[in-house]
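Here is a short report on a protein assembly. Please look over the sequence and the 3D view before reading on.

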Amino acid sequence: MANVPEDLHYSKDHEWVRVDGDQAIIGITDYAQNSLGDVVYVELPKAGEQFAANEPFGSVESVKAVSEVFTPIAGSVVKINEALADEPESVNSDPYGEGWMIRLKMSNPGEVDSLLTAAEYEDFTKAESE
Amino acid sequence: MEMLEAMGLGSAEELFDSIPEDLRLKRPLNTPAALSEIELLDRFEQMGARNAGARRISFMGGGAYAHYIPTIVDHILSRSEFFTAYTPYQPEISQGTLQVIFEFQTLVCQLTGMEVANASMYDGSTALAEAVLMAERVTKRSKVVASTATHPQYLEVVRTYVQHAGIHLETVEFDEKTGQSWQALAAAIDDQTAALVVQSPNFFGCIEDVAALADAAHSKGALLVVGITEAMSLGLLKSPGACGADIVVAEGQSFGVPLSFGGPYVGLFATREKYARQIPGRLVGETYDKKGRRGFVLTLATREQHIRREKATSNICTNEGLIALAATVYLETMGRRGIQETAHQCAQKAAYAARAIAKLSGYSLPFTAPYFNEFLVRGPGRAVDLLARLGKEKGIDGGIALSRFMSDRPNEFLVCVTETNSREQIDALVDGLRAL
Amino acid sequence: MTINKVTTHISPNEQLIFERSQKGRIGYRLPALDVDEAELNIPNEFLRDDDLEGMPEVSEVDVIRHFVRISTWNYSIDLGMYPLGSCTMKYNSRLNEKVARIAGFANLHPLTEEQDAQGALQVIYELQQHLAEITGLRGISLQPAAGAHGEMTGIMIIRAFLDARDGAAASHRRTMLIPDSAHGTNPASAHLSGFSVKTIRSTAEGLTDLDHLRELCAHGEVAGLMLTNPNTLGLFERNIKQICEIVHEAGGLVYMDGANMNALVGVARPGDMGVDVIHLNLHKTFSTPHGGGGPGSGPCCCTKEFEPYLPVPRVVKSSDSTYGLDYDQPKSIGRVKAFLGNYGMMLRALSYTLTHGNDGLREATEAAVLNARYVAAGLIDDYDKPFAGAPMHEVVFTDKRQTRKGVHTLDIAKRLIDYGFHPMTIYFPLIVQGAMLIEPTESVGRQELDQFIGAMKLIAVEAVENPELVLNAPHDTRVGRLDEAAAARKPILRWKER
């Protein structure tokens, strides 16, 4: 049973968003990391890069697959999780904590409200697995 | 027949029921009937006998080199377990192949002075083309500069590969006095340049100043790509890696691979560790199983076509596995001492030949640059005729006429000397040229 | 992490050659230098100064033992069947090897003048003729060195043709349609020619969806379709003529991936189906050895219309029966490789063609298809076969029945190793969940097919009654399943002196 923390926002592409003032932290969900398998490499953007909502900002690689990762909201990159370069497996072991990927300064703070709640995301993933 | 019946089929023809009738061949193929082994070998021996070039004493280089191949190379290549094996996708039953590739990758790094090498490309020319594509990926710039002292066929291949890749290939001319091109290349660098591409020793055999080029390229944030056609030069000359190259590609045919009228050969491709995820081709890495036993696997596969598809670093799948094995066996047999001794003999014999030819009246060496085992000779008349007569009258292939590649240089030809050319052969070449 | 020994026996513990190296050992002897040694004209700063440190120093016996030992860790065609779908792992004839080593070919320099290489050029010309007859396409280049290389060549030819035909308007025609079941080299090759890719769906039957094709072609930006026939599910695209018509009517061209020619040789010809350009894999259909990853050879064949675009030089025969190289092809896409291609593989392919003869080539095709059907019939009760159509030379199954007990395709493949077989192709094509693609080829007799079927049936039983046995397979190999995640996270791609 995948973990879906209550206090986060979610996208249909399996990313989560944690709001911190006018910034947002983004990563991929427990459901996503489970489907991917052992993560071996995470490709992240550089600080300062700008992204529109639903634009890919990087990718996650397992041994046999590559998946693009999208930002559910628009913003510019303030910081990236450099630790993932040495320990990409954090995405598997702690997807909502140590496995965070980027921190954005949000372009439209209200945008998060159009994302899925934890309950909505849980229903969505249940439907997907059927 | 039994099997057909077991399938409920009346005839072999029914196997193809899913092919519409109007598409099925109603006649036998118009190709020859089967030959027995005896007849077949006879036919091929006859065709082989019509290749006079294979029987002559040869001083031909130009991208393919006649070096001695130790007897054990072919023996090992002929082991069923190596040549009838498949790509090592199932590592548990392919450790032989995988370990060979790991050793090959290591040897290529050692020789080129680089940090990461792949499991092989088709040959030197396509390796060079892929290096140019990689430089564009890494720098995100689209201008690449090469010189006309690069092997003309290699340049043609690069042009084919870049024509739809949004890469602009510029060429600069080599220096008429020295035969080198590095000064012109260095002068052409700007901040739009993705890479400078230099062949060293170049098509004329001249050694280029790779270190100076590396500095020039890096000063503008560009990469230096070094291409090598005569890999044996790495036994004597400073490695491109030690000179600061970013990507090194080479034709590996000099290492235990027969001339075989142009193929199969093997492309070497090496780069710095920081670019490992941008490298084309297969990579073998070291790892362990659950019991801690060391093994090797294909790795970083997410760069490749079967996973990344249109975003792959290359479309390459099958490469030159068995030829990489040949090179590996050769390099390990000759070893640290043998490669250096072979390179030393090549250089000394070439210098001996050059000195003697330069003394002949009517002959000169147009370029002043240092060379490894190949150099340009200017003769008293059309090189094509001169060489044809030398071949017919003395049974010697004295070199390659430059006019075959550059129509404005009719009297010049490339001479290559390797450890397989004895003093008698070199003296016969010189005598032959003198007599013409 | 400390390295554990495999067993105490020497052979499975053979190390890397660098770990065997002993200073001062040599494995070669060259004749002494027979010219006067002189000071070379090379400045010091251009000379090597590291003495090739790290390169091995071993004796000839060391080398032989090293390679012979590690060779015993490999499975190979000579040992047994490789039921690898899409790879056509047929017997690699030793006669072909002998032909390739004939001195008159092996010692011939590629830049030998034409008059002194007539026999060599004749080989190329004759093979071209036979391949033209087999494919029904008269334009041929043997220059590409592998299938993917031949694909790139073919797609570049299409691009050049369209650019010439449509001029500036061609810049709107940059979409290549590729089935969802295609081999990964297809989209990668399309990309190299500056095309973007759109995926075509397959029907429930496993064939190209004609309605979807018409829909995609209606937009007018279609440069062409890349298709494999029989497709990667082993099914013949019976609507191929219609497919070609639809694409042609939309102004596009049809490229066929010839990887599955082993189902067609002597029976049907791509040229008769309306296809414009194809590539062949000599290392599949024409038995040249796989060598652990090559060399291959990927001839590119096309109709008369596309001939002018083929790579240069072309090998031609003049009216006086001499063979030569024709460089005068102004519309050519250019060279794709130095020299003339993987010549050694052409020798082997020609030898294969002459050894089989025209009857034999057709019989090989019949046997290949029959063997695949036999396997399909033998496994249908134990494994889920997703498509009802009669398979050609390869058949696909899924792990649907076995996953109920937690056993997946990967596990089945690994357990097959314990039974002495190389696994089939797994997880390809991508459109089939847990795909197992099986291609026995004609080089397998009934007895061995029965053994293979028997092994697969036993594994199906094990998957239910003793799943641990399958999940932890292979048990009898020198190393078990290797940690590929670790290899990708912290890649160690070469040996280094510690």
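## Chain C overall

Of the 498 residues in chain C, 58% count as buried. Buried means that 20 or more other C-beta atoms lie within 10 Å of the residue's own; exposed means 12 or fewer, partly exposed lies in between, and C-beta atoms are placed from the backbone. This is a predicted model: local features need pLDDT of at least 70, side-chain atom pairs count only at pLDDT 80 or more, and totals for chains, interfaces and linings use all residues. Residues are numbered from 1 along each chain as its sequence is written, while chains are lettered from A and ligands numbered from 1 in the order in which they are written.

Chain C has 16 helices and 12 strands. Helices (H or I, at least four residues) and strands (E, at least two) are DSSP runs, numbered from the N terminus. The radius of gyration of chain C is 26 Å, close to the 23 Å from the globule rule for 498 residues, so chain C is as compact as a globular protein of that length. That radius is taken over C-alpha atoms, and the rule is 2.2 Å times the number of residues to the power 0.38.

Two residues are in contact if their C-beta atoms, placed from the backbone, lie within 7 Å.

Chain C is assigned domain 1 (11-71), domain 2 (96-353) and domain 3 (365-484). Such bounds come from an automatic or database domain assignment. The centres of domain 1 and domain 3 of chain C, taken over C-alpha atoms, are 45 Å apart.

## Chain B and its domains

Chain B has 14 helices and 14 strands. Buried residues make up 63% of its 436 residues. A compact globule of 436 residues would have a radius of gyration near 22 Å; chain B has 25 Å, which agrees.

| Chain | C-alpha box |
|---|---|
| Chain B | roughly 85 × 55 × 50 Å |
| Chain C | roughly 70 × 70 × 45 Å |

Between them, 26 residues of domain 1 of chain B are in contact with 28 residues of domain 2 of chain B. On the domain 1 side, helix 12 (321-359) and strand 11 (374-378) of chain B each supply at least two residues. Helix 12 of chain B gives the largest share of that side, seven residues. By class, the domain 1 side has 17 nonpolar, eight polar and one charged residues. Here Ala, Val, Leu, Ile, Met, Phe, Trp, Tyr, Cys and Pro count as nonpolar, Asp, Glu, Lys and Arg as charged, and the others, Gly among them, as polar.

## Where the chains meet

Which element gives the largest share of the side of chain B that touches chain C? The contact joins 151 residues of chain B and 164 residues of chain C. Helix 12 of chain B provides the largest share of the chain B side, 22 residues. That side divides into 69 nonpolar, 52 polar and 30 charged residues.

Now take helix 2 (residues 60-71) of chain C. This helix has 12 residues and reaches 16 Å from its first C-alpha to its last, close to the 16 Å expected at 1.5 Å a residue. The expected span is 1.5 Å times one less than the number of residues. C:Asp62, C:Val63, C:His66, C:Phe67, C:Ile70 and C:Ser71 are buried in helix 2 of chain C. They cover an arc of only 155° around the axis, which puts them on the same side of the helix. The arc is that of the directions from the helix axis to the C-beta atoms. Their cover includes helix 3 (71-77), helix 4 (80-83), helix 5 (95-112) and helix 12 of chain B, together with helix 1 (17-20) of chain C.

## Backbone exceptions in chain C

Most residues other than glycine have a negative phi, and most peptide bonds are trans. The peptide bond from C:Asn229 to C:Pro230 is cis, with omega near -5°. C:Pro230 sits in the loop between strand 4 (222-228) and helix 9 (240-249) of chain C. Another cis bond joins C:Phe428 and C:Pro429, with omega about 0°.

C:Tyr427 is not a glycine, but its phi is positive, near 60°. C:Tyr427 is partly exposed, with 17 other C-beta atoms within 10 Å. C:Ser321 also has a positive phi, about 65°. C:Ser321 is exposed, with 8 other C-beta atoms within 10 Å.
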